[in-house]
Amino acid sequence: MRAQTGQSLRSSTRQGGRRRRAVPAAVAVAIGVMTLGALAPPAASADAAARPDAVQQALNTLVRDDGMPAALASVQGRNGRTRSYTAGVGDLTTGSKVPRDGQVRIGSNTKAFTAVVVLQLVGEGKIDLKAFVDTYLPGLVRGKGIDGRRITVRQLLQHTSGLPDYGIHLDDDEIRNRYFEPRELLDLALKHQADAAPGETWGYSNTNYVLAGLIVQKVTGRPLAEEMDRRIIKRIGLRHTYFPTPGEMTIREPHPHGYHRNPANTPLRDFTEMDPSAGWAAGQLISTNSDLNRFFTALLAGRLLPAAQLAEMRTTVPAGTSGLRYGLGLTSRPLSCGGVYWGHGGDIAGYETRGGVTDDGRAANVAVTSIPTDEAATQHVKDAVDRALCG
């Protein structure tokens with residue numbers, strides 16, 4: 001579940017080209033899956049012109065040159081006009097078309113939703129960003145160099161807590177069919193030494209967001225999924241976004257199949273169906289590119305948070321060497337045409353999503369149906385977003 005710097009339970013954040021071993025983004029997995037043969041040739045389509053534009057060409061490249069089974073994009077202009085694009089095939093076995101704006105697992109984009117819920121509770125006076133984790137979860141966070149009496153809520157949301165990432169200790173084959181309780185994920189992290197002292201440095205860790213989700217549940221007395229649904233999904237009309245229920249391994253609406261390979265030189269395997277519970281507050285949501293555009297547009301427009309909390313969310317620290325900066329569950333990345341875009345990004349076995357919105361109202365999200373395994377493909381996904389937002 002990476003951010004836009006890198007991870008596969010891992011986050012979605014890739015930094016400076018360095019990739020951490022994915023945790024299946026909470027899920028990458030692999031038991032007994034059929035091995036697939038050569039990729040089908042790209043079958044590109046856009047809802048606009050017959051002649052491919054820059055975005056369509058970028059998706060075609062991801063399929064033709066980078067071996068992505070499918071690529072999808074949704075682009076919204078300043079005038080609100082939306083265009084959707086597809087390339088490749090939705091199912092390598094049948095060769096079926098890619099569903100336009102199909103549902104995908106959005107991995108670490110979930111972190112932005114979790115952060116919004118936390119910050120709404122901050123605005124309601126129920127959580128304090130400066131408060132220590134022990135204020136809400138007394139005695140729960142203890143380990144080697146780890147003490148919840150020294151880690152603040154802000155440090156969780158900004159990945160400056162120093163907590164180790166449980167995701168890198170999960171194996172693809174182990175988690176595909178296993179249900180994880182959030183406390184199990186936390187316990188796995190607490191077996192390991194802290195990566196750094198609280199506040200010392202930025203370091204992406206899915207563990208931070210599991211704790212943030214547990215704090216939400218403690219403060220509200222309600223399941224995180226219910227709070228997310230009530231406070232965000234229904235509030236702004238995300239009709240194709242949902243938090244899978246326990247044991248729910250399928251994707252509810254039309255969707256392209258997701259494929260995974262690990263190690264990188266092995267054949268693609270179909271990972272569409274899996275138990276995403278290893279992602280939980282860090283990476284469990286399912287959505288569409290257009291719903292992600294709607295979410296980040298509403299967020300940046302102030303429709304989900306009071307001005308003070310949105311300003312906190314947009315206060316960033318450097319995250320790697322590629323110009324990426326990380327706020328509270330929100331990232332900013334430079335655009336080739338000037339300025340930045342705000343979003344997050346996510347990886348989970350079978351899918352990668354990247355995108356965000358600009359301050360002047362442009363929005364774009366791109367999804368591919370396999371996590372890139374080399375830097376060229378990784379860059380091509382970023383390039384597709386850049387073209388969409390700068391075109």
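Which residues are buried in helix 7? They are N206, T207, N208, Y209, V210, L211, A212, G213, L214, I215 and V216. Before going on, a word on the source: this is a predicted model, in which local features need pLDDT of at least 70 and side-chain atom pairs count only at pLDDT 80 or more, while totals for chains, interfaces and linings use all residues. Residues are numbered from 1 along each chain as its sequence is written, and side-chain values use heavy atoms, with hydrogens and water left out.

Helix 7 covers residues 206-220, and 11 of its 15 residues are buried, so the helix is mostly covered. Here buried means under 20% relative accessible area, exposed means over 50%, and partly exposed is in between, with a 1.4 Å probe and protein chains only. The areas themselves come from the Shrake-Rupley method with that 1.4 Å probe, and for residues only the protein chains shown count as cover. The expected span is 1.5 Å times one less than the number of residues. Just after helix 7, G221 takes a positive phi of about 75°.

Now for the salt bridges. A salt bridge here is a side-chain nitrogen of Lys or Arg within 4 Å of a carboxyl oxygen of Asp or Glu, and a search of the whole structure finds 19 of them. One of these joins R222 to E226, with the closest N and O atoms 2.5 Å apart. R222 counts as partly exposed at 41% relative accessibility, and E226 does as well, at 37%. Another salt bridge pairs R154 with E312 at 2.8 Å, N to O. This pair links distant parts of the chain, since R154 sits in helix 4 and E312 in helix 11 (residues 307-313), 158 residues apart. R154 is partly exposed, with a relative accessible area of 24%, and E312 is partly exposed at 27%.

The side chains of E352 and R354 also meet in a salt bridge, at 3.5 Å, N to O. Are these two partners buried or exposed? E352 is buried, because its relative accessible area is 0%, and R354 is buried at 2%. Elsewhere, salt bridges that share partners join E124, K126, E227, R230 and R231 into one network.

Turn next to the surface, where R235, R239, R294 and R303 form a positive patch. Patches are made of residues with over 30% relative accessible area and no salt bridge; like charges are joined within 9 Å, and nonpolar side chains (Val, Leu, Ile, Met, Phe, Trp, Tyr) within 5 Å. Lys and Arg count as positive and Asp and Glu as negative, while His and the chain ends are not counted. Each charge is placed at NZ of Lys, CZ of Arg, CG of Asp or CD of Glu.

Some backbone details are worth a look. N262 and P263 are joined by a cis peptide bond, with omega about 5°, and P263 is in the loop between strand 7 and strand 8 (269-270). D101, a residue other than glycine, has a positive phi near 55°. D101 belongs to the loop between strand 3 (82-88) and strand 4 (104-105) and is partly exposed at 22%. W280 is not a glycine either, yet has a positive phi of about 40°. W280 is in helix 9 (residues 280-283) and is buried, with a relative accessible area of 9%.

Finally, consider residues that are apart in sequence. T152, in the loop between strand 6 (146-147) and helix 4 (153-158), is buried at 12%. V381, in helix 12 (residues 375-390), is buried at 1%. V381 and T61 are 320 residues apart in sequence and 9.5 Å apart in space, C-alpha to C-alpha.

Methods. Helix = DSSP H or I, 4+ residues; strand = E, 2+ residues; numbered from the N terminus.
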